[in-house]
Amino acid sequence: MTMNLKTLAQELGLSQTTVSRALNGYPEVNEATRQRVQQAAARYNYRPNSRAKGLATGRAMMIGHVIPASTRHEMVNPVFGDFVGGASDAYARHNFDMMFTRVADGNDESTYRELKAKRAVDGVIIQGPLVNDARIPLLNALDLPFVVHGRSSGIDEPYSWVDVNNKRSFQRATEFLLDLGHTRIGLINGLEHMDFAQRRRDGYLAALKARGIPTDPALMRSNEMTEVFGHHQTRHMLQLDAPPTAILTSSMISAIGVRRAIEEAGLKMGRDISIITHDDELSYLKNGQDVPIFTATRSSVWKAGEIAAEMLLSQINEPANVPQTRLLEAELVVGRSTGPAPQG
């Protein structure tokens, strides 16, 4: 006998809707029924497909990821890939699929409205929020479930998010360099209209201010976090009359470019110039093995993807619940890239 939702329901003497809801953790199904259904599903090796579940529950069984054209490099960015990998693990556990939609800049609103009107997705995840991100009030107004990976400082209304404590992690990293005697500390940051980058800059500035160290605009650079950007900006900083003795960078990818520029200048990382970077603990770009290459603020973006996805699925199942938030603390790991400020 082929076991599908209909035949499983017949075996149990229950409706297809009840069986589907029991398998998907709906709160209105009592615990005894839920256990009975789950045991039968395991016994018959029943695995529901998302289309069948969608027909039974009135859902699309689909989560949307809308990618603006201006972030065209995101799809090949290992940070994006790991976040989606973590989220997809959670989707698979609940038999949801994901859909990527790329839109021209400025067309976000019409795309979200269309997804809602067509019931193409049950919810969406926002990545790379801006300091003032118009997508958040729009999705609240559309009543389309969503979770933000990150936060938007300029938005006051409630919404669900999961984020790293970017300000605290970069404040702590800067304090670590100051404790080593560095006072000329460069910042190679991401695009600062994005919320995470502004928070990291704020942490860096707060640490300098607390120690009475004047800020120097020549030591602060921001752009898309590529290896070439890290390389070029480090070369420029090294040509200053008072070059930095340490550099704080927002990405492992940028840090690789920083290291290349240091070595091309005949300098040694960790002796002549110290580096601290942010490490998203990427699957395909590891920060060394037993001993980290770079001293880093570390937080798993894969884990953040899992958390955000579970948060969204919970919101879809229980829409009356208040928005959830989760602030993750980054760990400061010491590697081979930092040392005392050079004398003289």
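The structure holds one aromatic pair. This is a predicted model, in which local features need pLDDT of at least 70 and side-chain atom pairs count only at pLDDT 80 or more, whereas totals for chains, interfaces and linings use all residues. Residues are numbered from 1 along each chain as its sequence is written, and side-chain values use heavy atoms, with hydrogens and water left out.

Student: Why is the aromatic pair of Phe-80 and Phe-100 called tilted?

Tutor: Rings of Phe, Tyr and Trp (its six-membered ring) pair if their centres lie within 6.5 Å, and planes under 30 degrees apart count as stacked, over 60 as edge-to-face and the rest as tilted. Phe-80 and Phe-100 have centres 6.1 Å apart and planes at 50°, so the pair is tilted.

Student: Which elements hold Phe-80 and Phe-100?

Tutor: Phe-80 is in helix H5 (residues 78-93) and Phe-100 in strand E2, 20 residues apart; helices (H or I, at least four residues) and strands (E, at least two) are DSSP runs, numbered from the N terminus.

Student: What makes Phe-80 buried or exposed?

Tutor: Buried means under 20% relative accessible area, exposed over 50%, and partly exposed in between (1.4 Å probe, protein chains only). Phe-80, at 5%, therefore counts as buried, whereas Phe-100, with 35%, is partly exposed.

Student: Why do E2 and E11 stand at the edges of the sheet?

Tutor: The open sheet of six strands has the order E2-E1-E3-E4-E5-E11, with parallel pairing. Strand E2 (97-103) and strand E11 (325-328) each have a single partner strand, so one side of each is left without a neighbour in the sheet.

Student: What makes the charged end of Arg-151 sit over the ring of Trp-161?

Tutor: A charge sits over a ring if NZ of Lys or CZ of Arg is within 6 Å of the ring centre and within 35 degrees of the ring normal. The charged end of Arg-151 is 4.8 Å from the centre of the Trp-161 ring.

Student: Why is Ser-274 called buried?

Tutor: Ser-274 has a relative accessible area of 1%, and is therefore buried. Ser-274 lies in strand E9 (residues 274-279), and its contacts (heavy atoms within 4.5 Å) beyond four places in sequence include Leu-177, His-182 and Thr-245.

Notes. Pairing = 2+ DSSP bridges.
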